Amino acid sequence: MNGEKNSQKNLSLPSLTALRCFEVAARTEHFGRAADELHLTHGAISRAVRLLEEDLGVRLFERRQRRVFLTEAGDRLYQAVREGLGQIRETAQALRQQSRPQSLVLSCEPTLLMRWLIPRWPAFQALHPELDVHLMAGGGALSFGSGIDLAIRRNDFDWPEDLHSQLLFEELTGPVCQPGKVAQFFEPRGEESALRPSAPRLHTKTRPDAWSRWQENAGQPLNDEAPTQTFEHFYFSLQAAVAGLGVAIGPCRLVCDDLEAGLLVAPLGFVPDGTGYHLLAPARPEPGSAHEKLANWLHSLSGALTVPPRTAVLT
């Protein structure tokens with residue numbers, strides 16, 4: 001009788017919660033990052049992995065300083081868990097589309113949502129009145145098991161390999177300021193223009209490396225002693241530029257409407273920063289689905305941007 005119970009126990013599946021914790025820890029090679037992604041504590045991830053190791057009777061990770069690395073047994077389990085979770089995601093997505101084929105929740109990075117997507121959203125609603133798409137602000141890592149069907153994210157972090165990703169557009173950035181402040185903040189330099197050393201630089205905590213990345217990509221020198229002001233969110237730094245408080249690094253998609261309206265100018269133009277915005281989903285869109293219709297519309301916008309000419313700096 002005891003042998004039968006032990007046999008049944010050995011044939012049972014490990015804890016699905018523990019497997020999910022293991023999968024994220026294996027993918028990120030870090031218990032702390034796994035905890036952040038799953039909204040758990042570091043201790044909860046560690047306990048889940050330890051219980052899984054005890055259940056299977058093998059070591060799954062080697063701990064080295066603050067990172068963890070898969071053992072041979074751990075790698076075998078990771079491949080199986082990743083494949084299994086991927087199939088579950090695809091099936092769940094298909095069932096969701098079957099039960100509510102015309103309804104979607106789209107998560108989009110907040111500033112892109114406010115400054116680019118929402119102003120264009122009436123056009124989508126007019127084109128597809130039969131679709132019920134809910135817009136939600138969100139950035140960084142995400143879980144499609146929490147009521148989100150699709151997401152627009154900039155590829156400045158790693159997402160699971162089994163997600164379906166479609167590039168919408170590359171990121172182009174450049175310094176922007178209020179039109180009336182161009183002569184104060186920029187100076188002519190031959191046939192080109194340059195930032196004046198005294199021009200205030202507007203920074204943001206959500207993209208702290210925006211200026212340094214632009215400097216590297218544009219090959220432009222910066223004065224480290226220039227006055228600076230830092231804002232809590234990227235959106236605020238752009239609004240501060242509109243208000244004339246200084247010069248901000250503006251992604252072209254996020255400032256194109258302000259450029260067209262004459263609220264901002266870009267004296268040095270825009271350059272690619274090496275990143276791009278992607279439409280993420282648990283699985284490839286089914287033909288004729290709400291997912292496919294939304295993706296097609298977003299792609300139609302990706303080629304509709306006209307990069308404005310540089311603004312001349314007059315002496």
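Predicted model: local features only at pLDDT ≥ 70, side-chain atom pairs only at ≥ 80, totals over all residues.
Let's start with helix α4. It covers residues 42-56, which makes 15 residues. How far apart should its ends be? At 1.5 Å a residue, the helix should span 21 Å. The C-alpha atoms at its ends are 21 Å apart, so the model agrees with the expectation. Some of α4 is hidden. Its buried residues are Ala44, Ile45, Ala48, Val49, Leu52 and Glu53. Just past the helix comes glycine 57, with a positive phi of about 75 degrees.

Now look at its neighbour, α3, residues 31-38. The axes of α3 and α4 lie 8 Å apart, and the packing angle is about 110 degrees. Angles of 65 to 115 degrees count as roughly perpendicular, and therefore that is how we describe this pair. Who makes the contact? From α3 we have Phe31, Gly32, Ala34, Ala35 and Leu38. From α4 come His42, Ile45, Ser46 and Val49. Sort these contact residues by type, and you get six nonpolar, three polar and no charged. Two of the α4 names, Ile45 and Val49, were also on the buried list.

Next, the cores. In soluble globular proteins, nonpolar side chains tend to be buried together. Here the largest nonpolar core has 41 residues. Which residues have the most contacts inside it? They are Leu117, Ile152, Leu294 and Leu298. Several elements give two or more residues to this core, including strands β3 and β5 and helices α6 and α11. Take leucine 117. Leaving out residues up to four places away in sequence, leucine 117 touches Leu106, Cys108, Leu112, Leu135, Ile152, Trp297 and Leu298.

Last, two charged residues. Is arginine 115 buried or exposed? Its relative accessibility is 8%, and under 20% means buried, so arginine 115 counts as buried. You will find it in helix α6. Its contacts, again skipping residues up to four places away, include Arg120, Tyr235, Asp257 and Asp258.

Aspartate 158 sits in the loop between β5 and β6. Its relative accessible area is 74%, so aspartate 158 is exposed. One distance to finish. Asparagine 217 is 59 residues from aspartate 158 along the chain, and their C-alpha atoms are separated by 22 Å.

Thank you.

How values were computed: Residues numbered from 1 in each chain as written. Heavy atoms only, no water. Helix = DSSP H or I, 4+ residues; strand = E, 2+ residues; numbered from the N terminus. Expected span 1.5 Å × (residues − 1). Buried < 20%, exposed > 50% of the residue type's maximum accessible area, 1.4 Å probe, protein only. Axes fitted to C-alpha atoms, helices over the stretch in contact; angles between N-to-C directions. Parallel < 35°, antiparallel > 145°, perpendicular 65-115°, else oblique. Contact = heavy atoms within 4.5 Å. Core = buried A, V, L, I, M, F, W, Y, C linked by side-chain atoms within 4.5 Å.
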